[in-house]
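Here are my notes on the model, as numbered points. Please read them with the structure open.

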Amino acid sequence: MRKLVYYVAVSIDGYIAGPGGEFDFYPLSDEMASWINARYPETLPTHVRRHAGIDDVPNKVFDTLVMGRGTYEPALSASITSPYSHLRQYVVSRTLTIDDPTVEVEAGDPVELVRRLKAEDTGMDIYLCGGGRLAGSLLPEIDEIILKGYPVVAGAGIPAFSGGFLPTLFTPVRRESFDNGAQVTWLTRT
């Protein structure tokens with residue numbers, strides 16, 4: 001069965017973005033960018049893949065993406081209706097309508113959507129792109145977390161998970177460090 005993987009950048013204090021959706025405060029490095037491009041090229045938006053010179057690189061881990069409306073909005077504000085055209089894209093929203101056949105809006109229960117996607121036999125996993133509210137509602141379905149932890153305190157913003165109190169154990173299985181002080185940690189549901 002396919003896995004739902006929350007692949008996410010996070011600050012020391014647990015934020016995935018600033019109060020206005022900012023993410024430019026993460027300290028980047030060429031080493032880490034090269035690693036992401038080689039290991040998880042499909043996690044970059046299509047227009048960024050072109051700039052990185054990896055637009056023809058095949059997907060390696062994911063073939064499907066699930067995101068919340070807040071994660072999708074920056075693309076819309078830049079007049080991009082299909083930000084991950086190299087993946088099947090699902091936006092969870094009860095109010096959004098999109099006139100793009102490559103993006104499906106899911107107005108129903110995101111848990112049911114993920115269960116349907118997990119039952120498919122594609123050989124690749126499902127990328128949970130964000131945001132915090134969606135991750136909180138999908139916590140019972142998250143099989144793995146790939147946490148890109150950056151050595152910066154945001155102070156406020158969008159938490160990695162928001163919702164009710166639901167302690168859920170994950171086991172760290174591997175960690176890699178980079179020259180910018182960031183660490184990527186793989187965690188699997190315990």
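1. Arg 175 has Thr 185 in S10 as its bridge partner. Seven bridges join S9 to S10, and the two strands run antiparallel. Strands pair here if DSSP finds at least two bridges between them. S9 and S10 form a hairpin with five residues between them. Gly 181, in the turn, has a positive phi of about 85°.

2. A word on the basis. This is a predicted model, where local features need pLDDT of at least 70 and side-chain atom pairs count only at pLDDT 80 or more, while totals for chains, interfaces and linings use all residues. Residues are numbered from 1 along each chain as its sequence is written, and side-chain values use heavy atoms, with hydrogens and water left out. Helices (H or I, at least four residues) and strands (E, at least two) are DSSP runs, numbered from the N terminus.

3. The sheet is open and has eight strands, in the order S5-S4-S3-S6-S1-S7-S10-S9. Its pairing is mixed. Strand S5 (103-106) and strand S9 (170-177) are at the edges with a single partner strand each, so one side of each has no neighbour in the sheet. Neighbouring strands are turned by 25° against each other on average, direction ignored.

4. Both senses of pairing can be checked. S3 (residues 62-68) and S6 (residues 125-130) pair in the parallel sense over five bridges. There, Phe 62 has Asp 125 of S6 as its bridge partner. S7 and S10 pair in the antiparallel sense over six bridges. Ile 146 has Trp 186 in S10 as its bridge partner.

5. Helix H1 (residues 30-39) packs on the sheet and touches S1 (4-10), S7 (144-149), S9 and S10 (183-189). The direction of H1 makes about 40° with that of S10. Axes are lines fitted to C-alpha atoms, for helices over the stretch in contact, and angles run from 0 to 180 degrees between N-to-C directions. Contact means heavy atoms within 4.5 Å.

6. Which residues of H1 are buried? They are Met 32, Trp 35 and Ile 36. Seen down the axis of H1, these fall within an arc of 95°, so they line one face of the helix. The arc is that of the directions from the helix axis to the C-beta atoms. Buried means under 20% relative accessible area, with exposed over 50% and partly exposed in between (1.4 Å probe, protein chains only).

7. Tyr 72 is in helix H3 (residues 69-77). Tyr 72 counts as buried because its relative accessibility is 0%. Beyond its neighbours within four places in sequence, Tyr 72 has contacts that include Met 67, Ile 80, Val 91 and Val 103.

8. The whole structure holds 11 aromatic pairs. Rings of Phe, Tyr and Trp (its six-membered ring) pair if their centres lie within 6.5 Å; planes under 30 degrees apart count as stacked, over 60 as edge-to-face and the rest as tilted. The rings of Tyr 7 and Tyr 127 have centres 5.8 Å apart and planes at 80°, so this pair is edge-to-face. Tyr 7 in S1 and Tyr 127 in S6 are 120 residues apart. Tyr 7 is buried at 3%, and Tyr 127 is buried at 4%.

9. Tyr 40 and Phe 62 have ring centres 6.4 Å apart and planes at 25°, so this pair is stacked. Tyr 40 is in the loop between H1 and helix H2 (46-52). Both Tyr 40 and Phe 62 are buried.
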